[in-house]
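Here is a short report on one protein chain. Keep the sequence and the 3D view open while reading.

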Amino acid sequence: MKTQYYTASSLDGFIATEDDSLEWLFSLGNLEESSYPEFVAEVGALAMGSATYEWMVRNAAKVAAETGSPWPYTQPVWVFTSRALSAIEGADIRFVKGDVCQVHNDMRLAARAKNIWIVGGGDLAGQFYDAGLLDELIIQIGSVTLGKGKQLFPRRVLSPILRLSSVRQMGTGMVELRYEVGKQGGS
Ligand SMILES: NC(=O)c1ccc[n+]([C@@H]2O[C@H](COP(=O)([O-])OP(=O)(O)OC[C@H]3O[C@@H](n4cnc5c(N)ncnc54)[C@H](OP(=O)(O)O)[C@@H]3O)[C@@H](O)[C@H]2O)c1
């Protein structure tokens with residue numbers, strides 16, 4: 001069981017524009033031809049921040065066109081927010097706030113030995129990293145730059161460095177990089 005931050009980024013390290021647009025991403029590749037189907041089949045629980053959740057709610061039609069359903073997840077999803085947000089009907093969603101450690105424990109139990117997907121944003125993935133709970137980064141880097149926007153991973157990771165475990169080219173528009181996160185004091 002791994003805790004994985006799986007996301008797409010621009011070449012200059014942004015996962016969305018400043019105003020939360022993902023238009024730049026949709027022309028870059030087809031989800032079904034990426035690693036996504038294999039990846040999501042092994043996921044037992046998901047976590048996302050409120051901006052990511054609200055993007056899904058606002059863009060339900062686009063999500064449905066891309067994935068076949070306005071709320072594509074059958075697994076339980078934990079949404080981090082300090083606000084009172086409305087749940088999507090029929091979706092298994094838990095709104096939580098604060099420390100990621102207790103939530104991670106609940107997710108681990110619910111995932112039943114499958115993986116935990118940290119959907120984003122970057123700071124939420126960073127909170128799991130800070131707590132020593134992040135095992136892997138799987139990043140599809142699109143062949144575009146945005147100049148500014150929502151950061152991929154606003155953390156300084158210097159020692160131990162991330163360990164590159166695979167590189168997969170997807171045409172000319174994307175490359176997927178997988179990194180294992182070394183643990184402090186680990187090998
Ligand atoms: N390129 C991709 O593949 C990809 C993947 C994922 C997301 N995205 C996009 O990237 C953008 C990410 O936005 P973002 O960087 O703002 O990140 P986000 O994690 O989606 O949302 C951040 C917000 O979540 C809430 N939050 C985070 N941690 C919390 C905690 N521990 N306790 C309580 N609340 C917490 C806070 O808002 P409140 O407390 O005010 O609710 C915070 O401002 C979105 O537009 C999303 O659609 C892109």
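## Starting point: Gly120

In which strand does Gly120 lie? Gly120 lies in strand E6. Helices (H or I, at least four residues) and strands (E, at least two) are DSSP runs, numbered from the N terminus. This is a predicted model: local features need pLDDT of at least 70, side-chain atom pairs count only at pLDDT 80 or more, and totals for chains, interfaces and linings use all residues. Residues are numbered from 1 along each chain as its sequence is written.

Gly120 counts as buried because it has 24 C-beta neighbours inside 10 Å. The cut-offs: a residue is buried if 20 or more other C-beta atoms lie within 10 Å of its own, exposed if 12 or fewer, and partly exposed in between, with C-beta atoms placed from the backbone. Leaving aside neighbours within four places in sequence, Gly120 is in contact with Thr7, Ile15, Met48, Gly49, Thr52 and Ala125. Contact means that the C-beta atoms of two residues, placed from the backbone, lie within 7 Å. Phe14 is 106 residues from Gly120 in sequence, and their C-alpha atoms are 11 Å apart in space.

## Overall build

The chain holds six helices and ten strands. Its radius of gyration is 16 Å, close to the 16 Å from the globule rule for 187 residues, so the chain is as compact as a globular protein of that length. That radius is taken over C-alpha atoms, and the rule is 2.2 Å times the number of residues to the power 0.38. The C-alpha trace spans about 40 × 35 × 30 Å along its principal axes.

Of the 187 residues, 28% are buried. Among contacts between residues at least 6 apart in sequence, 76% join residues at least 24 apart. An unreviewed UniProt entry lists residues 7-175 as "domain: Bacterial bifunctional deaminase-reductase C-terminal". UniProt positions follow the numbering used here, feature names are shortened, and annotations may be inferred rather than shown by experiment. Over residues 7-175 the chain is 28% helix and 27% strand, and the end C-alpha atoms are 12 Å apart.

## The sheet

Eight strands form an open sheet with mixed pairing, in the order E5-E4-E3-E6-E1-E7-E10-E9. Strands E5 (93-96) and E9 (163-170) stand at the edges, each with a single partner strand, so one side of each has no neighbour in the sheet. The twist averages 20° from one strand to the next. Two strands pair if DSSP finds at least two bridges between them.

E1 and E7 run parallel and are joined by six bridges. Strand E7 (136-142) also pairs with strand E10 (174-180), antiparallel, over seven bridges. Leu137 stands opposite Tyr179 in E10.

## Helices on the sheet

Helix H3 (50-58) lies across strands E3 (43-49), E4 (77-80) and E6 (115-120), at about 100° to E3. Angles run from 0 to 180 degrees between N-to-C directions, and axes are lines fitted to C-alpha atoms, for helices over the stretch in contact. Helix H6 (122-130) lies across E1 (3-9), E3, E4 and E6, at about 140° to E6.

Which residues of H3 are buried? They are Thr52, Tyr53 and Met56. Seen down the axis of H3, these fall within an arc of 100°, so they line one face of the helix. The arc is that of the directions from the helix axis to the C-beta atoms. The buried residues of H3 pack against E3, helix H4 (60-67), E4 and E6.
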